[in-house]
Amino acid sequence: MNEVLVFNRVSFSYEEDKLILQDCSFTVKKGEFVSIIGPSGCGKSTIFRLLTGLEKQYRGAIQLMEKVGYMPQRDLLFPWRTVAENASLALECTGVKPKKAKENALRYLELFGLADYCNKYPKNLSGGMRQRVSFVRTFLTGAPVLLLDEPFSALDAITKIKMQEWLYTQCVNWKKTILFITHDVEEALFLSDRIMVMTERGTGIAHEFIVPLPRQRMREDLQRTEVLRLKYEILQMLYQRVAL
Ligand SMILES: Nc1ncnc2c1ncn2[C@@H]1O[C@H](COP(=O)(O)OP(=O)(O)O)[C@@H](O)[C@H]1O
Ligand SMILES: [Mg+2]
């Protein structure tokens with residue numbers, strides 16, 4: 001009920017003898033913010049490649065009830081296009097004329113606090129700003145479901161916190177459904193309604209946790225006892241089999 005995305009017993013491998021996902025199942029409901037957390041190489045980005053149709057040779061069933069917008073792990077901004085021209089690309093790809101696309105992009109760049117950067121080139125932006133532009137480009141696809149692949153993992157700690165707060169506000173305002181990949185437990189706790197954990201040697205979602213916080217939350221809420229307890233439970237699950 002109300003599901004916008006369903007993975008039902010999906011198995012997938014790039015090479016014949018190495019399963020990346022085995023009978024992997026999960027669902028995402030309309031309006032939810034769900035994170036997938038797991039160590040590098042466990043198959044997180046592969047889930048997005050399957051959802052966006054980049055990989056097609058899988059077993060099981062994948063259902064998408066709404067259009068999805070995909071923000072890949074690397075920002076992939078074109079260096080020869082300005083911020084506005086990069087952002088408008090999503091619209092141009094759907095057949096909107098470049099001039100109209102740019103006007104529309106400018107409106108949204110302004111709404112997302114990027115008005116002063118419209119005519120700059122990617123090389124003149126900080127990492128956080130590049131990620132914002134990349135997010136606006138994904139947002140402009142108009143898709144109600146956004147797939148965000150580790151958007152903040154390359155940022156320094158302070159910028160990362162600012163960007164999480166920025167994203168959180170945007171999500172509350174725009175009521176998007178978000179599937180968010182990260183390997184940062186605090187980030188997942190701060191942003192999500194639900195966290196799905198993938199482990200080092202697993203081949204799918206090992207466990208799901210509901211974040212015991214209301215939608216309107218503050219960073220201090222991460223210090224609540226029940227949240228700290230959940231943080232350690234997730235950390236333990238993630239790293240229990242890693243030999244130090
Ligand atoms: N195109 C590919 N061909 C072969 N193996 C791949 C390919 N892409 C990813 N892999 C392998 O699949 C595994 C999962 O990759 P990925 O989904 O990118 O992991 P994550 O996003 O969790 O870091 C890794 O072991 C990776 O080396
Ligand atoms: Mg990845």
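In which sense do strand β6 and strand β7 pair, and over how many bridges?

1. The model is a predicted one. Strand β6, residues 145-149, and strand β7, residues 177-182, pair in the parallel sense, and five bridges join them. Within this pairing, L148 lies opposite F180 of β7. Strands of a sheet pair through backbone hydrogen bonds, and the pairing may be parallel or antiparallel.

2. These two strands belong to an open sheet of six strands, whose order is β5-β6-β7-β3-β8-β9 and whose pairing is mixed. Its edges are formed by β5 (68-71) and β9 (205-210), each of which pairs on one side only. From one strand to the next, the twist averages 15°. Helix α1, residues 44-51, packs on this sheet and touches β3 (33-37), β5, β6, β7 and β8 (194-198). The direction of α1 makes about 145° with that of β7.

3. An open sheet of three strands is also present, with the order β2-β1-β4 and antiparallel pairing. Here the edge strands are β2 (18-29) and β4 (59-64), and each pairs on one side only. The twist of this sheet averages 20° from one strand to the next. Strand β1, residues 3-15, is joined to β2 by eight bridges, and the two run antiparallel.

4. Turning to helix packing, the axes of helix α2 (residues 83-93) and α4 come within 7 Å and cross at roughly 30°. Angles under 35 degrees count as roughly parallel, and α2 is therefore roughly parallel to α4. The crossing is right-handed. On the α2 side the contact is made by V83, N86, A87, L89 and A90, and on the α4 side by V133, V136 and R137. By class, this contact of α2 with α4 has six nonpolar residues, one polar and one charged.

5. Helix α4 (residues 127-139) also meets helix α5 (residues 157-174): their axes come within 11 Å and cross at roughly 20°. By the angle criterion, α4 and α5 are therefore roughly parallel to each other. Their crossing is right-handed. G128, Q131, R132, F135 and F139 of α4 make the contact with T159, M163, W166, L167 and W174 of α5. The residues of this contact divide into six nonpolar, three polar and one charged.

6. At what angle do α2 and helix α3 cross? The axes of α2 and α3 (residues 98-111) come within 8 Å and cross at roughly 115°. This crossing, too, is right-handed. The contact involves V83, A84, E85, A87, S88, L91 and E92 of α2, together with P98, A101, K102, N104, A105, L106 and L109 of α3. Nine of these residues are nonpolar, two are polar and three are charged.

7. As to annotation, an unreviewed UniProt entry places the feature "domain: ABC transporter" at residues 5-225. Over residues 5-225 the chain is 33% helix and 27% strand, and the end C-alpha atoms are 32 Å apart.

Terms used:
Residues numbered from 1 in each chain as written. Chains lettered and ligands numbered in written order. Predicted model: local features only at pLDDT ≥ 70, side-chain atom pairs only at ≥ 80, totals over all residues. Heavy atoms only, no water. Axes fitted to C-alpha atoms, helices over the stretch in contact; angles between N-to-C directions. Helix = DSSP H or I, 4+ residues; strand = E, 2+ residues; numbered from the N terminus. Parallel < 35°, antiparallel > 145°, perpendicular 65-115°, else oblique. Left-handed = near helix turned anticlockwise from the far one by under 90°. Contact = heavy atoms within 4.5 Å. Nonpolar A, V, L, I, M, F, W, Y, C, P; charged D, E, K, R; others polar. UniProt positions renumbered as here; feature names shortened; annotations may be inferred. Pairing = 2+ DSSP bridges.
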